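The following report concerns a protein with its ligands. Please keep the sequence and the three-dimensional view at hand while reading.

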Amino acid sequence: MNGAEAASSAPAASDANVKAFGVYVHWPFCLSKCPYCDFNSHVRHAAVDETRFLRAFQTELAATAARVPGRSVSSIFFGGGTPSLMAPEIVGSILDSIARHWTVTEDAEVTLEANPTSVEATRFRGYRAAGVNRVSLGVQALDDRALSELGRLHTAREALAAVGVARSVFDRYSFDLIYARPDQTPEAWAFELKTAIAEAAEHLSLYQLTIEAETRFEALHAAGKLMMPDEDTGRTLYDTTQEICAAAGLPAYEISNHAVPGAECRHNLIYWRGQEYAGIGPGAHGRLDIDGVRHATATEKRPESWLMRVESLGHGVIEDEVLTRDERADEFLLMGLRLAEGIDLAAFEKLSGRPLDPERIHGLLSHELIQTDVGGRLRVTPAGFPVLDAIVADLAA
Ligand SMILES: C[S@@+](CC[C@H](N)C(=O)[O-])C[C@H]1O[C@@H](n2cnc3c(N)ncnc32)[C@H](O)[C@@H]1O
Ligand code: SF4
């Protein structure tokens, strides 16, 4: 499917209330730990017993399907960690298992996150044969020095070669870049981004480097050995990103995600629109609607502990909390305002039992940080996105 074809079949804001159901599967292993990353990812020097993990994924899927039977799965996402370290047969068996427990829609989006090394690219055909129809590649930078500083195991040339393989194997692919890196100038980023866009198809994820707690970058930053761009430079880098992407036909549909209209990542839209999804595997989160209430679930994070828990108890869930109306409404606001389409005010009111405070809306409108429309949607403006956290805090208060 090319971008134009995708545009005719992909979800629009009006589909936000359609009953979607996603399945997230977490593969928690990586070949090495990147110094900026705080995802649930672990390095193991001995071989990982993939067959044993497969059995545990199948067990957890059965337990989850028993709680939320009869769902129609519109999206499946293998995230990590590095799911492209999994054998294609294992991915195929997990997909078969999902299809045994639920109905998978004919046009379901099935994404797998891949690291762009030459070894991993050789598995792409196997993933396609297994049922994957979209890959998301962690390219991160197109500059070898930056890649080495980010602790990546691939060069820019190798990453672009992997993008080329993805293009030849899949109709849909995306890749991630990290910007606002130490010493990065807006000019250098503009050049890098334009090079990336020439290689991109319908979708790009562009994240500003964040210093996460308990990472090696945090220690370096605290020791004054990693200089992050100052606030003004960060803002210029963000504005440059928006301008270049919009001019290239890849506007932001979410604060860090850009797509040809219609080619948005349907799986991530499920999260941002507050829809229902199952989380399978170590440290996976889920949002399940059971008996009219929403459950927030989380599984054991440590891979081997998760494995033993599933083997002994039949599932790895360690948190299962029923969200209150207020919690659910806050989450709806927090996630939905990240999207360019914004939120449906009536849907917010239905969830929370109260409208948003008109005075706060008025204040934000007068500063042109948000806008509302006759269809009853409220969205953050381009001027508002750089201060999104403050807007959410204001509206949720
Ligand atoms: C689950 S992670 C990585 C997927 C895959 N393992 C990889 O590295 O290519 C998803 C994305 O989050 C982004 N990311 C992770 N940590 C980040 C940080 N501290 N700041 C900005 N972006 C980050 C990266 O672009 C990464 O590709
Ligand atoms: S960025 Fe990706 S490869 Fe690096 S540690 Fe995190 S999950 Fe693993």
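An oxygen atom of ligand 1 is 2.6 Å from an N or O atom in the side chain of D176. This is a predicted model, in which local features need pLDDT of at least 70 and side-chain atom pairs count only at pLDDT 80 or more, while totals for chains, interfaces and linings use all residues. Residues are numbered from 1 along each chain as its sequence is written, chains are lettered from A and ligands numbered from 1 in the order in which they are written, and side-chain values use heavy atoms, with hydrogens and water left out.

**Confidence**

The pLDDT, the predictor's confidence in each residue from 0 to 100, averages 94 over the protein, and 95% of the residues score at least 70. Over residues 1-10 the pLDDT is below 50, although this stretch has 17 contacts in the model beyond near neighbours in sequence; contact here means heavy atoms within 4.5 Å. Where pLDDT is low, the predicted coordinates should not be read in detail.

**The ligand surroundings**

A residue is near a ligand if one of its heavy atoms lies within 4 Å of it. Of the 17 residues around ligand 1, those that come nearest are G81, N115, Q140, R152 and D176. The table lists the distances of three of them from ligand 1.

| Residue and atom | Atom of ligand 1 | Distance |
|---|---|---|
| G81, backbone N or O atom | nitrogen | 2.8 Å |
| R152, polar side-chain atom | oxygen | 2.9 Å |
| D176, side-chain N or O atom | oxygen | 2.6 Å |

G81 lies in the loop between β2 and α3 (88-101). Helices (H or I, at least four residues) and strands (E, at least two) are DSSP runs, numbered from the N terminus. A cis peptide bond, with omega of about 15°, joins G80 and G81.

Which residues surround ligand 2? They are C30, S32, K33, C34, Y36, C37, S41, G81, T82, N115 and R152. By class, this shell has four nonpolar, five polar and two charged residues. In this scheme Ala, Val, Leu, Ile, Met, Phe, Trp, Tyr, Cys and Pro count as nonpolar, Asp, Glu, Lys and Arg as charged, and the others, Gly among them, as polar.

S41, one of the residues around ligand 2, is placed in the loop between β1 (21-27) and α2 (50-67). Its relative accessibility is 9%, so S41 counts as buried; buried means under 20% relative accessible area, exposed over 50% and partly exposed in between, with a 1.4 Å probe and protein chains only. The side chains of S41 and K33 are joined by a polar contact of 2.6 Å. A polar contact is a pair of N or O atoms within 3.5 Å; within protein, one must be able to donate a hydrogen and the other to accept it, and residues adjacent in sequence count only if both atoms are side-chain atoms. Apart from neighbours within four places in sequence, S41 is in contact with P28, C30, K33 and G81.

**Two further buried residues**

S75 belongs to strand β2 (residues 72-80) and is buried, with a relative accessible area of 1%. Its side chain makes a polar contact of 2.5 Å with that of H267. Not counting residues up to four places away in sequence, S75 touches F21, G22, V23, E109, H267 and I270.

I244, in helix α10 (residues 231-247), is buried at a relative accessible area of 13%. With residues up to four places away in sequence left out, I244 touches A190, L193, K194 and I197.

**Helix α14**

Within helix α14 (residues 345-352), the buried residues are A347, F348 and S352. Seen down the axis of α14, these fall within an arc of 120°, so they line one face of the helix; the arc is that of the directions from the helix axis to the C-beta atoms. A346 and K350 are exposed on the other side of α14. The cover over the buried residues of α14 includes α13 (325-336) and β13 (343-344). Just after α14, G353 takes a positive phi of about 80°.

**Positive phi outside glycine**

D291, a residue other than glycine, has a positive phi near 50°. D291 is in the loop between β10 (285-290) and β11 (293-299) and is exposed at 77% relative accessibility. E368, also a residue other than glycine, has a positive phi near 55°. E368 sits in the loop between α15 (358-366) and β14 (370-372), and is exposed with a relative accessible area of 58%.
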